[in-house]
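Let me put the thing up on the screen, and then I'll walk you through the bits I liked.

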Amino acid sequence: MIRFAALFDAIDRTTKTNEKLAALVQYFGDANHADAAWATYFLSGYKLKQLVPTKLLRIWAAEEASIPSWLFEESYHSVGDLAETLTLIVPPGEGPDDLSLSQWVEQRLMPLRAMEEVDQRDAVITIWKQSHTQVRLVILKLITGAFRLGVSKSIVTRAIAEHAGVSSDVISHRLMGIWKPTASFFQNLISKEVQDTIASQPFPFCLAHPIDHELGPECIGPAKDFVAEWKWDGIRGQVIRRNEQVFIWSRGEDLMENSWPEIESAAQLLPNGTVLDGEILASLGENQVLPFANLQKRIGRKAVSNKLLKEVPVVFQAFDLLQDAGEDIRSQTFSERRQRLEQLLSSIDHPNLCCTQLLQGTTWDEWAKIRDRSRETNAEGLMLKRLDASYEVGRVRGVWWKWKVTPYTIDAVLIYAQKGHGKRSGLYTDYTFAVWDGDTLVPFAKAYSGLDDSQMKAVDKFVRQNTRESFGPVRSVAPALVMEIAFEGLQRSPRHKSGIATRFPRIVRWRQDKKPEEANTLAELIDLLPSIE
Amino acid sequence: MNNFLESTSQGLYCIPGDFHIDPHSPVERAVVTHAHSDHARWGCQKYLAAKPCEQLLRLRMSPEAEFRFLPYGETLTVGGVRVSFHPAGHILGSAQIRLEYQGQVGLITGDYKLGTDPTCEAWQPVRCHWMVSESTFGLPIYRWPSQEGVFQSINQWWQECRDAGKCCLLYGYAIGKSQRLLAGLDPTIGRIYCHGAVEKGNEAYRRTGIALPETTYVGSVAGKHDWRGTMVVAVPSVHGTPWVKKFGRCSTAMSSGWMAVRGARRRRSVDRGFVLSDHVDWQSLLTAIDACNPETVWLTHGYAASVARYLVEQGRDARVLDSRGRSEVDEDAADEVSSNERANASIDPAPGEAKTP
């Protein structure tokens, strides 16, 4: 565990990819397979289900530190990270112990979940008594399920590949789908021998790069080398048909079972040994795509009711074919894969399993005109794909591009502020923005990012000097700062005071040239609502 | 606040004595706790401070001002108020100011810390009726690790960098923190260089009789120089400026109490953060208040409201000092730098040295 905590520290300390990679390679070299498997599991972003309710952890920590619970909460708002607050608040214990990562997880952490509260408390306090800061922080992050490290999956994959002497693409594929963090899994992961594909295992997704709004698509090459498709706002997924079974995976590598019965039954018609890449969309028939909000109604339901099936019908719009008749065809060109995809889907001819439309056009100008109409079809813009490119692993430059429509923007007034988390801990960086409704300011969006460090400091200072009231950690401030807020879309929402919810709101710039009374109004915001809701 | 002290827009003012304590703007008569520029303001006509503070205060204030220095523990009567200075343990010459008037004893701590520091006299408790205490780090998340352990980590970091052929760049306040760091460095590892502002502080410390390891002023090194394996102690404001380019491959570190929190560490974008503070942490703040055992305690800076609320719940009469004229607590926004930058501004870099922003 000390070694894993040291790895956490080493990665936390640096922003340089090479140093992170070196620290990971060294860790995988030193760790046994069981530890390496758990490390891979956590570093890939998987979490243990919450082991102990955080409410209890807060209470026990305050007791151990002999402080009232309000003081724990104030400390938490200042630190902006629960596991770290717990680590710092509880007096340091006697370290270090000699259990390894896998022993810790399997023998000391996982059993916590099934324990009675009294025993949980004893166990947690024993852990505190036996740990000092470095190890304790990592353990608490595992217990609270908040373990996150500034290292991308591709770096972890590269480190394992380097350690194993196996190519990154192979490691990346082997890490897809369902696996258990065991010694034997890790042994297979780094094995140089070719392995059979597991029926449910998806391929690593190919991801797109954004096109710079200022530069435009001309910088990626001539239009004739590309095709254009709508960029839909749905759920990216892979549909797998193998061994008479159907598996639907999300891009976040969740196996989505029972959520999309229409797609599952359509996919039964596919021949075994087929893998489709595409987008799950709420859609009323041919290209009548509904806004994402509709799809949200179906996410997270254990079972989909008949009523909901009728209300929000879904389709799978396939845009790529990765495996055809049991053959991995990712190395073929887009044109070849597209041809096979069209053939395959026309042979099935099912309304819930369709092929995404290639947009007419041969020049960037023609496509720019189509892109301008994206919002009418509830698309986010265009996808541009290179005709002669193979299907790559991850975000490889030059293969797929997303050319989004310019986001909506609104000038809004900052009215509430709260301290941030992580790198922004201790600074007032999380803001609520409002627009005018007559004489009153109605909050409509929260935004966290978009300012640079010096602006963040300046706003922080403003908040401290212009606080009107404090509600717990939230401060209401004098309505004086105007910022331009960009967002991808909006929908009606009874949960918001303004009646509007925005998608991905963020700060574009601080309008120091504008007075608060010049900010936009609620009516102007409502005007932006899509025509088909 | 009471019959002889009030909080004004210029800072604390002693009514019968007619003087300000650590004023925020130039006044006629200033009694100062220590030489950091957010306590000792440029431009006052007369300064009264503790004797060991002399070299530092003269270094930083206008030579035209009138100075008077009192040894720790000695008393001077001003307008019927008995004034004396008592070690605060913050930096060299830092003092708590004890005021006695008509049988009432008040104490203004200034900045202070408990525990040992080889570069200044250790804090001593002073019994009093009321007390004004700083609470910069007044949350229970702040618990300073042992000084020995911190220096061990710093020296270990230096050794690792030396072995990797890198230069170490260690940031701390120009006066106080830097000299404390120097005293803890192991000079057998390599040569130590200092930024101009730090070197001036070193001279003042040495003139006061504080032993520091041998240091060389960075600006005195001419031409191309091999900086590998050396330690450079500098003010934080040089971080990321062209001034640091000459050192080639370096590892950077910040030493401050704020480094206890990861977010603050990451925001600094330095390679290492060492938790070393010259202020009281939560526990020693409570210890100090208990030892001085005042009837009333006023809290100022940082988490004053939280500390006051906690103490009231513990049965003490505790209040937040309304620090008018001073911008609202910037302290928890990692503002150590800006006060350092102010400090830096009063010591111009020596000729030939790049000006720091």
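This is a predicted model: local features need pLDDT of at least 70, side-chain atom pairs count only at pLDDT 80 or more; totals for chains, interfaces and linings use all residues.

So, Arg162(B): it's partly exposed, because its relative accessible area is 33%. Its side chain meets that of Asp163(B) in a salt bridge, 3.4 Å from N to O. And Asp163(B) counts as exposed, because its relative accessible area is 59%.

Asp411(A), Glu484(A), Arg509(A), Arg511(A), Asp513(A) and Lys514(A) are joined into one network by salt bridges that share partners. Over all chains, the count comes to 43 salt bridges.

What does Glu488(A) form a salt bridge with? The partner is Arg506(A), and the closest N and O atoms are 2.8 Å apart. That pair links distant parts of the chain: Glu488(A) sits in the loop between strand 16 (482-487) and strand 17 (489-492) of chain A, while Arg506(A) belongs to strand 19 (residues 506-510) of chain A, 18 residues apart. Glu488(A) is buried, with 15% relative accessible area. Buried here means under 20%, so you can see why 15% puts Glu488(A) in that class. Arg506(A), at 27% relative accessibility, is partly exposed.

The other pair is Asp388(A) with Arg386(A), another salt bridge, where the closest N and O atoms are 3.3 Å apart. Asp388(A) is exposed, at 54% relative accessible area, and Arg386(A) is partly exposed at 23%.

Still in chain A, have a look at Trp401(A), which is in strand 10 (residues 400-404). Buried or exposed, this Trp401(A)? Buried: the relative accessibility is 7%.

Let's zoom in on strand 12 of chain B. Strand 12, residues 167-171, runs parallel to strand 15, residues 231-234, and four bridges join them. Within that pairing, Leu169(B) stands opposite Val232(B), and the bridge partner of Tyr171(B) is Ala234(B). Then there's strand 16, residues 250-255, which pairs with strand 12 in the parallel sense over five bridges. There, Cys168(B) stands opposite Ser251(B).

How many residues of strand 12 of chain B are buried? Five of the five, so the strand is largely enclosed by the rest of the structure. As a reminder, in a regular strand the side chains alternate between the two faces of the sheet. In strand 12 of chain B, Cys167(B), Leu169(B) and Tyr171(B) point one way, Cys168(B) and Leu170(B) point the other way, and all are buried.

Helix 3 of chain B, residues 177-184, is mostly covered too, with seven of its eight residues buried. If you're clicking along, the buried residues include Lys177(B), Arg180(B) and Gln179(B), along with Leu181(B) and Leu182(B).

Most residues other than glycine have a negative phi. Asp18(B) has a positive one, near 55°, and you'll find Asp18(B) in the loop between strand 2 (11-14) and strand 3 (19-21) of chain B. Asp18(B) is partly exposed at 38% relative accessible area. Gln102(B) isn't a glycine either, and its phi is positive, about 50°. Look for Gln102(B) in the loop between strand 9 (95-101) and strand 10 (104-108) of chain B. Gln102(B) counts as exposed, at 62% relative accessibility.

Last stop, the surface. Which residues form a positive surface patch? Lys47(A), Arg148(A), Lys423(A) and Arg266(B). Arg266(B) is in helix 5 of chain B, residues 262-268, and counts as partly exposed at 31% relative accessibility.

Technical notes
Residues are numbered from 1 along each chain as its sequence is written. Chains are lettered from A and ligands numbered from 1 in the order in which they are written. Side-chain values use heavy atoms; hydrogens and water are left out. Patches are made of residues with over 30% relative accessible area and no salt bridge: like charges are joined within 9 Å, nonpolar side chains (Val, Leu, Ile, Met, Phe, Trp, Tyr) within 5 Å. Accessible areas come from the Shrake-Rupley method with a 1.4 Å probe; for residues, only the protein chains shown count as cover. A salt bridge is a side-chain nitrogen of Lys or Arg within 4 Å of a carboxyl oxygen of Asp or Glu. Lys and Arg count as positive and Asp and Glu as negative; His and the chain ends are not counted. The place of a charge is taken as NZ of Lys, CZ of Arg, CG of Asp or CD of Glu. Helices (H or I, at least four residues) and strands (E, at least two) are DSSP runs, numbered from the N terminus. Buried means under 20% relative accessible area, exposed over 50%, partly exposed in between (1.4 Å probe, protein chains only). Two strands pair if DSSP finds at least two bridges between them.
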